[in-house]
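Hi,

Here is the structure I promised to pass on. Have a look at it first, then read my notes below.

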Amino acid sequence: MGFIQKAGREVVAFCKISNRIRKLQIRNIPPHLQWEVLDSLLVQYGVVETCEQVNTDSETAVVNVTYSNKDQARQALDKLNGFQLENFTLKVAYIPDEVAAQQTPSQQPRGRRGLGQRGSSRQGSPGSVSRQKPCDLPLRLLVPTQFVGAIIGKEGATIRNITKQTQSKIDVHRKENAGAAEKSITILSTPEGTSAACKSILEIMHKEAQDIKFTEEIPLKILAHNNFVGRLIGKEGRNLKKIEQDTDTKITISPLQELTLYNPERTITVKGSVETCAKAEEEIMKKIRESYENDIASMNLQAHLIPGLNLNALGLFPPTSGMPPPTSGPPSAMTPPYPQFEQSETETVHLFIPALSVGAIIGKQGQHIKQLSRFAGASIKIAPAEAPDAKVRMVIITGPPEAQFKAQGRIYGKIKEENFVSPKEEVKLEAHIRVPSFAAGRVIGKGGKTVNELQNLSSAEVVVPRDQTPDENDQVVVKITGHFYACQVAQRKIQEILTQVKQHQQQKALQSGPPQSRRK
């Protein structure tokens, strides 16, 4: 009996140890960090069973995290302890069960700074608990030109009244596209304020139509950046069908063929009464805002690793979105539209994409790939399939670093928006770059130190396959796998190493000097 009791105690002790090594405490989390950003960082290392905020007196936030197994927890500890996040250095440690039990998870909005309440919408930061702040993504409408006067009102009285009642910032772009049948309107406010302003504009248009005996149907037209439309539609159109059914409206979306690099917006046309169209606008913009916020959350994780990066460089967001720059300092008036790269030499990158996505990348009659090539300033070619049943295809991108950044970014974005991965899944692609065989050792480093540091810095998987036979140019392949920013960081760091190797060779050549002429 004593043996059984002892064995039982040992089993309990083992279970406690097993649970303990799955639990981590993460301290010094930036006070205004969004939950989405933290979540997307944690799930890189495994399945998170629980993540609870702990009430502490510290100015920064503290959370207890439980992973599904000890290996995942150990990897998260190794990677995140000392990790720089928005100029804060994370501190991560294992926590015993008894310590975790004594700490109270945050159930209410905190009085001090921190992650704040983790509500069902999981949006915002501490400042948004008591009062909702305007969304960075505006609502963009398209209205018939003949109704613009009524929307503005005499001496601007009507639009001022809407602005005041809904606490919105409203811009009627009446001077743009002179002679056009429709004009765009931009509304920036809270989701509630935006919807109220939209409904007011719809009511004004319907009343004006009655007054001028306008007999045609007046639909609600919403302009949305193409990057978000795929997720709005949903797999097999399920999201859009549900919105139609729930709001009793008919919704159509303009075709992809109408897009240009200078106009990446698609028109979402909603037909119904004022009430039903207003309800549809709420649901449509809810989906679009979710996509926008998820994209920014995942991008900000890696954006700080590329100095001078402006996320608008990718053209992933509309210029009116007011998207905050990822850098810590204030944006400069001299900030260039694209990241400034020191190296301007032409590079060639082989990017491997799902075979099913080739049609979307090429576009109808090759229009999309031609536009992409012009936009990025790069040569973009798709290599023939290696086999009839090949699951991936190779895209050959040739151009300077800035062109690589833009071209690869758009390809990643296209694969995401066309739903070749699930909405909650990040696009991860494999890229190959060729390096001189004599420089491969520098990329790997002594005992693999450099390549390990490179993987920790970028979150990409970097592999220099062993026993490679150099090609005719005496080059070998470096394989990089990860999401867009991870791949970009890894590519830039490898190019920095290659630049250093070339500079070292040039210095050696200069030191040895030119061959001396023989005396006669």
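Let me begin with the disulfides. The count comes to 0, where a disulfide is a pair of cysteine sulfur atoms within 2.5 Å. As a reminder, a disulfide is a covalent bond between the sulfur atoms of two cysteines. Take C198: its sulfur lies 8.4 Å from the closest cysteine sulfur, in C277, which is too far for a bond. C198 counts as buried because its relative accessibility is 1%, and C51 counts as buried too, at 13%. Here, buried means under 20% relative accessible area, exposed means over 50%, and partly exposed is in between (1.4 Å probe, protein chains only).

Before you go further, please note that this is a predicted model: local features need pLDDT of at least 70, side-chain atom pairs count only at pLDDT 80 or more, and totals for chains, interfaces and linings use all residues. Residues are numbered from 1 along each chain as its sequence is written, and side-chain values use heavy atoms, with hydrogens and water left out.

Now the overall picture. The chain has 16 helices and 18 strands; these are DSSP runs numbered from the N terminus, with helices being H or I of at least four residues and strands E of at least two. Of the 520 residues in the chain, 45% are buried. If you take the contacts (heavy atoms within 4.5 Å) with a separation of 6 or more, 71% are between residues 24 or more positions apart. The chain exposes about 28600 Å², and carbon and sulfur atoms supply 51% of that; the areas come from the Shrake-Rupley method with a 1.4 Å probe, and for residues only the protein chains shown count as cover.

What about the inside? The largest nonpolar core has 46 residues, and L351, I353, V395, I411, V478, I480 and I494 have the most contacts inside it. Such a core is a set of buried Ala, Val, Leu, Ile, Met, Phe, Trp, Tyr and Cys residues joined through side-chain atoms within 4.5 Å. Helix α16 (residues 484-512) gives the largest share of this core, 9 residues. There is also a second, separate core of 41 residues, which includes I204, L220, L232 and V270. Back to L351: leaving aside neighbours within four places in sequence, its contacts include R393, V395, I411 and L429.

Next, some strands to find on your screen. Strand β9 (residues 182-188) has 5 of its 7 residues buried. β9 pairs with strand β7 (residues 139-144) in the antiparallel sense over 6 bridges, and L139 stands opposite I187 there. Pairing requires that DSSP finds at least two bridges between two strands. Strand β8 (residues 169-172) also runs antiparallel to β9, joined by 4 bridges, with K169 and L188 as bridge partners.

β7 pairs with strand β10 as well, antiparallel over 2 bridges, and R140 stands opposite L223 in β10. β10 (residues 220-225) is mostly covered, with 5 of its 6 residues buried. From β10 you can move on to strand β12 (residues 265-271), an antiparallel partner over 6 bridges. In that pair L220 stands opposite V270.

Last, a helix. In α15 (residues 449-458), V451, L454 and S458 are buried. Seen down the axis, the buried residues of α15 fall within an arc of 55 degrees, so they line one face of the helix; the arc is that of the directions from the helix axis to the C-beta atoms. After α15 comes S459, whose phi is positive, near 70 degrees.

Cheers
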